[in-house]
Amino acid sequence: MQAESVQRVPTTRRYLMCPPRFFAVDYVINPWMDPTKPVSADVAVAQWTELRDTYRRLGHTVEEIEPQPGLPDMVFAANSGTVVDGRVLGSRFRAPQRAAEAEHFRRWFVEHGYRDLTMPERINEAEGDFAWTGKLLLAGTGFRTDPAAHAEAQEVLGVPVVSLSLVDPRYYHLDTALFVLTEATDTTAAQIAYYPEAFSPGSQRVLRRLFPDAVIATAADAECFGLNGVSDGRNVVLPLEAVGLGAQLAAHGYEPVYLDISELRKAGGGPKCCTLEIRK
């Protein structure tokens with residue numbers, strides 16, 4: 001295969017994460033949550049810590065925000081902001097149970113010197129529904145983020161936005177159905193992985209047109225949150241069950257890094273959900 005000869009080069013990243021000290025499943029805001037099933041905050045913390053330490057081992061910088069009691073989903077930091085070229089667009093949650101998270105993250109950005117910060121007027125669940133490809137912002141809608149938030153993001157961040165419609169409630173955020181493997185540069189195109197059946201027919205056609213060399217995930221890979229991966233351009237952090245996707249990625253020159261996120265998945269989250277990327 002030609003893909004095997006590609007030399008993938010990792011780029012160092014800066015991430016913001018929140019320890020799941022108050023992790024719980026006390027309510028239902030996505031199909032993965034079941035308050036009748038036991039969950040362990042200790043196990044969630046252990047899995048989260050392994051994720052954080054893996055990023056650091058790969059050479060990335062991880063900053064942490066202090067978790068708050070009563071906000072068990074604050075661990076899913078990706079939903080709390082979108083940062084491109086140091087410009088920050090905050091979040092506005094659809095579920096009232098998560099609404100208070102937005103202010104804690106806004107305050108963190110202000111306290112850490114991010115002055116170019118805008119809080120959205122529309123429902124906007126940030127990197128849960130926004131994926132930066134290096135040239136344009138892929139923007140999901142259908143279950144959480146308001147489609148009008150896409151135009152707001154384009155205006156605030158000053159980057160072109162492509163809207164995509166999600167149609168399967170199990171994949172309620174874009175980051176459960178698609179992630180960026182390699183960002184575009186002036187000379188190379190971006191590469192993504194995605195699960196087509198999570199998207200409307202029109203959005204599938206858009207993705208095929210924009211990313212003809214995308215890695216296409218199977219239903220099994222999607223169901224274990226394989227598309228909630230995190231890539232630095234070479235190393236790709238995946239749930240340990242996503243072996244089919246990992247094999248495809250290895251054939252394309254990537255290095256799969258498998259982690260156990262089974263406890264975090266009980267709340268509908270995986271590696272990317274826990275990871276907000278700060279792009280300066």
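R106 is partly exposed, with 27% relative accessible area. Here buried means under 20% relative accessible area, exposed means over 50%, and partly exposed lies in between (1.4 Å probe, protein chains only). The structure is a predicted model, in which local features need pLDDT of at least 70 and side-chain atom pairs count only at pLDDT 80 or more, while totals for chains, interfaces and linings use all residues. Residues are numbered from 1 along each chain as its sequence is written, and side-chain values use heavy atoms, with hydrogens and water left out.

R106 pairs with E103 in a salt bridge, at 2.8 Å from N to O. A salt bridge is a side-chain nitrogen of Lys or Arg within 4 Å of a carboxyl oxygen of Asp or Glu. Side chains of opposite charge can pair when their charged atoms come close. E103 and R106 are separated by about one helical turn, because they are three residues apart in helix α2. Helices (H or I, at least four residues) and strands (E, at least two) are DSSP runs, numbered from the N terminus. E103 is partly exposed, at 31% relative accessible area. Helix α2 spans residues 101-111 and also holds R107. R107 is partly exposed, at 36%. The C-alpha atoms of R107 and V28 are 27 Å apart, and 79 residues separate the two along the chain.

The whole structure contains 22 salt bridges. One of them joins D168 to R170, with the closest N and O atoms 2.8 Å apart. D168 is buried, at 14% relative accessible area. R170 is partly exposed, at 29%. Another salt bridge links K266 and E263, whose closest N and O atoms are 3.2 Å apart. K266 is partly exposed, at 30%. E263 has 7% relative accessibility, so this residue counts as buried. Salt bridges with shared partners also join R13, E127, E183, K272, E277 and R279 into one network.

Empty space was searched for next. Rolling a probe the size of a water molecule over the atoms shows where empty space is left. The search used a 1 Å grid over the protein atoms alone. A cavity is a set of points where a 1.4 Å probe fits but cannot get out. A pocket is an open set with protein on both sides within 12 Å along at least five of seven lines. Lining residues have an atom within 4 Å of a point. Grid points are joined across faces, edges and corners, and a volume is the space filled by probe spheres set on the points.

Two cavities of 30 Å³ or more were found. The largest cavity holds about 240 Å³. Its lining has 19 residues, and F179, V180, K272, E277 and R279 lie nearest the centre. Strands β6 (130-132), β9 (178-182) and β12 each give two or more residues to this lining. β9 gives the most, with four residues. By class, the lining of the largest cavity has nine nonpolar, three polar and seven charged residues. Ala, Val, Leu, Ile, Met, Phe, Trp, Tyr, Cys and Pro count as nonpolar, Asp, Glu, Lys and Arg as charged, and the others, Gly among them, as polar.

The largest pocket holds about 190 Å³ of space. Its lining includes V6, Q7, R8, V9, T11, R13, T182, E183, T185, D232 and G233. Two of these residues are nonpolar, five are polar and four are charged.

Two residues other than glycine have a positive phi. D85 has a phi near 55 degrees and lies in the loop between β3 (82-84) and β4 (87-89). F225 has a phi near 70 degrees and lies in the loop between α5 (219-223) and β12 (230-231). D85 is exposed, at 58% relative accessible area, whereas F225 is buried, at 0%.
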